[in-house]
Amino acid sequence: MTAIERLIRDEIARDGFMTLQRYVALVTGHPVHGYYASAEPFGRAGDFVTAPEISQVFGELIGLALGQAWADQGSPARALLAELGPGRGTLMRDALRALRIVPGAPAALAVHLVEASARLRAIQAETLADAAPVWHTAIGDVPDAPLFLIANEFLDALPAHVLVRRGADWHERTVTVDGTGAFVPGETPCPSGMAARLPASWGAATDGAIGEWAPLRAEAVATIAGRIVRHGGCALLIDYGAAASGPAGDTLQAVRAHRPWPILAEPGTADLTSQVDFAPLLDAARAAGAAAWGPLPQGTFLLALGAEARFDALAHSKDADAVVALVRARRRLLHPAAMGEAFKVMAITPRTAPPPPGFAHPPA
Ligand SMILES: C[S@@+](CC[C@H](N)C(=O)[O-])C[C@H]1O[C@@H](n2cnc3c(N)ncnc32)[C@H](O)[C@@H]1O
């Protein structure tokens with residue numbers, strides 16, 4: 001039994017049940033016993049592959065986009081280059097390499113990382129040793145300064161409440177233990193006051209409708225937006241999901257060794273994520289006084305940043321095998337049938353700032 005399973009069993013024995021939101025929070029976010037703290041998630045030998053691990057082009061273009069936003073906002077001399085959930089540090093490493101060509105940026109941008117996993121912090125320390133990063137446990141701990149921030153596949157790991165409409169009420173999905181000791185799903189009426197906080201568009205939901213409500217994601221976005229309103233900056237938030245306008249159904253999934261895995265089986269040995277609903281995140285950024293942009297499909301965004309030209313330059317003078325690998329990577333990142341459409345990018349800037357790179361049109 002994993003250490004996180006022991007914690008979950010103890011809590012269920014004490015309380016009778018645990019909400020699915022709490023279960024996901026413990027499994028993904030526990031700093032010592034959680035999935036990211038104890039498993040090796042990334043790459044072919046792990047459970048899944050993320051965009052920066054597919055190609056250096058991803059991190060390079062993000063770095064240049066944030067560098068351009070920094071220059072567009074007057075090249076502030078003391079600013080932060082921050083990342084939420086940096087994984088192995090690959091994206092930040094590639095971004096920093098690309099930023100070397102932006103005059104003044106390397107000296108002005110201090111690297112700050114928000115990471116829950118002690119194990120991943122150690123890996124990031126190795127990958128990013130030259131940048132002398134500073135780590136934080138939560139976005140609210142990042143110091144006040146102009147904030148140029150990237151979060152790729154971070155918000156989907158923050159747990160959502162999984163709610164089911166029962167008549168005029170909402171119930172919350174839970175985890176309990178059956179007579180054989182197995183984890184099984186359950187349901188409990190939502191605590192009083194929760195229904196009033198749900199998005200207005202959920203009011204018309206019919207009996208049995210399922211919605212994933214993620215106030216932790218909206219709170220993270222509101223914190224980022226507040227910093228950007230006060231000090232300037234630009235945030236790029238990239239995740240899989242849709243701009244939904246109602247309870248979008250049950251998207252919670254577990255992935256182990258690149259395949260779907262039962263959500264309640266052997267907790268801590270599989271990645272647990274759910275789709276990001278961007279509509280409430282755009283609302284949260286705007287409510288904080290910021291301009292919110294997108295969400296754009298990832299392929300559209302990367303093409304606007306010059307992905308084709310960068311891939312072509314990398315392919316130049318490479319041997320045939322390396323060119324084939326680049327063609328594959330380009331397709332995975334850009335093509336609508338791969339990550340190009342399923343992943344979305346939203347941006348946050350001050351209302352007075354020019355459009356962030358890749359976002360040509362004024363925000364809605
Ligand atoms: C799916 S990985 C993405 C890694 C990286 N951004 C990439 O694209 O390869 C999620 C990252 O977020 C971190 N993380 C997950 N939940 C977190 C939390 N509640 N607080 C801080 N970091 C968290 C994980 O440890 C991991 O670094």
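Visitor: What secondary structure does the chain have?
Guide: The chain has 15 helices and 16 strands. Helices (H or I, at least four residues) and strands (E, at least two) are DSSP runs, numbered from the N terminus.

Visitor: How compact is the chain?
Guide: Its radius of gyration is 21 Å, close to the 21 Å from the globule rule for 364 residues, so the chain is as compact as a globular protein of that length. That radius is taken over C-alpha atoms, and the rule is 2.2 Å times the number of residues to the power 0.38.

Visitor: Where does this model come from?
Guide: This is a predicted model: local features need pLDDT of at least 70, side-chain atom pairs count only at pLDDT 80 or more, and totals for chains, interfaces and linings use all residues. Residues are numbered from 1 along each chain as its sequence is written.

Visitor: How much of the chain is buried?
Guide: Of the 364 residues, 45% count as buried. Buried takes 20 or more other C-beta atoms within 10 Å of a residue's own, exposed takes 12 or fewer, and partly exposed is in between; C-beta atoms are placed from the backbone.

Visitor: New topic. Which residues are closest to the ligand?
Guide: Tyr36, Thr50, Gly85, Gly87 and Ala116 are the closest of the 21 residues around the ligand. To be near, a residue needs its C-beta atom, placed from the backbone, within 6 Å.

Visitor: Which helix gives the largest share of that shell?
Guide: H4, with 3 residues. Helix H2 (20–29) and helix H4 (51–54) each supply at least two.

Visitor: And H10, what does its length look like?
Guide: Helix H10 covers residues 215–231. Its 17 residues should span 24 Å at 1.5 Å a residue, and its end C-alpha atoms are 24 Å apart, which agrees. The expected span is 1.5 Å times one less than the number of residues.

Visitor: Which of its residues are buried?
Guide: The buried residues of H10 include Arg217, Ala218, Val221 and Ile228. Just after H10, Gly232 takes a positive phi of about 85°.

Visitor: Where is the cis peptide bond?
Guide: It runs from Gly294 to Pro295, with omega near 5°. Pro295 is in strand E15 (residues 291–297).

Visitor: Why mention that?
Guide: Because most peptide bonds are trans, and most residues other than glycine have a negative phi.

Visitor: What is the phi of Ser75?
Guide: Near 50°, a positive value in a residue other than glycine. Ser75 sits in the loop between helix H5 (56–72) and strand E2 (79–84). Ser75 counts as partly exposed, with 15 C-beta neighbours inside 10 Å.
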